[in-house]
Amino acid sequence: MTDADITTATADWQAWQESWDRQQEWYLPDREERFRIMLDMVEALVGTAPRVLDLACGTGSITARLLARFPDATSTGVDLDPALLAIAEGTFAGDDRVRLVTADLKDPDWPAKLPYDAYDAVLTATALHWLHREPLADLYGRVAGLVRAGGVFMNADHMIDETTPRINAAERAQRHTRMDQAKRDGILDWAEWWQLAAKDPVLAEPTARRYEIYGEHADGDMPSAQWHARVLREKGFGEARPVWCSPSDTLLLAVK
């Protein structure tokens with residue numbers, strides 16, 4: 001099925017998931033590698049039947065890969081985006097391993113909405129860069145309170161080292177050259193994907209609510225991996241460091 005076909009298959013949640021994956025891979029060509037390493041470290045540190053919190057879960061990309069690899073895992077997905085949560089709800093309908101929660105991560109009381117007080121692993125990817133440093137540090141403190149002793153937190157996201165401006169500029173130029181070619185080949189970008197969602201009979205209303213909440217797009221800070229590791233240790237994690245990186249992104253792992 002092509003992206004254009006989705007508008008005639010409003011209940012085909014798998015098609016929406018695949019379209020979301022293609023759009024995200026335009027920005028992150030090594031996205032699946034990040035997920036693989038993330039789940040490798042889940043298995044290494046907390047086993048193959050973890051209770052997971054999928055933080056800022058979106059369509060449930062992490063949850064889908066978690067359950068495919070670890071059928072005995074359970075996942076709580078939390079997000080505020082009505083449209084992406086609608087896709088997640090459609091995807092995981094009837095799967096009692098998955099709970100979905102609507103909550104604003106900037107609200108200090110959001111953990112009270114969760115079904116559990118503690119998790120083996122809290123996982124997030126390409127989601128927290130819309131927060132600035134202070135609210136992100138506050139969020140890390142709340143996450144530390146949800147991870148059990150010996151449990152893990154992982155964040156895969158843009159983490160920019162401002163001490164390497166020439167490397168950063170070269171990486172950015174190379175990445176945009178690749179993205180420009182993919183765009184000429186017909187890939188949907190972020191804005192075009194949301195335009196498609198807005199035309200869908202099922203997703204139009206939650207997409208409109210999404211824009212009321214977020215606007216077009218919100219970018220916060222993208223501090224370095226060193227900043228993330230330091231703040232996570234300050235907030236209660238015993239160890240924190242990168243376990244994978246690409247030229248633009250880092251997967252940072254913290255252990256309680």
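Student: What share of the 256 residues of the chain counts as buried?
Tutor: This is a predicted model, and a residue is called buried when its relative accessible area is under 20%. Of the 256 residues in the chain, the share that counts as buried is 50%.

Student: What radius of gyration does the chain have, and what would a compact globule with 256 residues have?
Tutor: A compact globule with 256 residues would have a radius of gyration near 18 Å, and the value for the chain agrees with this. The C-alpha atoms fill a box of roughly 50 × 50 × 35 Å along the principal axes, and the radius of gyration of the chain is 18 Å.

Student: Which kind of aromatic pair do W20 and W193 form?
Tutor: The structure holds ten aromatic pairs, one of which joins W20 and W193, with 4.9 Å from centre to centre. W20 lies in helix 1 and W193 in helix 7, so the pair ties together parts that are 173 residues apart in sequence. Planes over 60 degrees apart count as edge-to-face, and with 70 degrees between the planes of W20 and W193 their pair is edge-to-face.

Student: Why is the pair of F153 and F237 given the name it has?
Tutor: F153 belongs to strand 5, whereas F237 sits in the loop between helix 9 and strand 6. Planes under 30 degrees apart count as stacked and those over 60 as edge-to-face, with the rest called tilted. The ring centres of F153 and F237 are 6.2 Å apart and their planes stand at 35 degrees, so the pair is tilted.

Note on methods:
Residues are numbered from 1 along each chain as its sequence is written. This is a predicted model: local features need pLDDT of at least 70, side-chain atom pairs count only at pLDDT 80 or more; totals for chains, interfaces and linings use all residues. Side-chain values use heavy atoms; hydrogens and water are left out. The radius of gyration is taken over C-alpha atoms; the globule rule is 2.2 Å times the number of residues to the power 0.38. Buried means under 20% relative accessible area, exposed over 50%, partly exposed in between (1.4 Å probe, protein chains only). Rings of Phe, Tyr and Trp (its six-membered ring) pair if their centres lie within 6.5 Å; planes under 30 degrees apart count as stacked, over 60 as edge-to-face and the rest as tilted. Helices (H or I, at least four residues) and strands (E, at least two) are DSSP runs, numbered from the N terminus.
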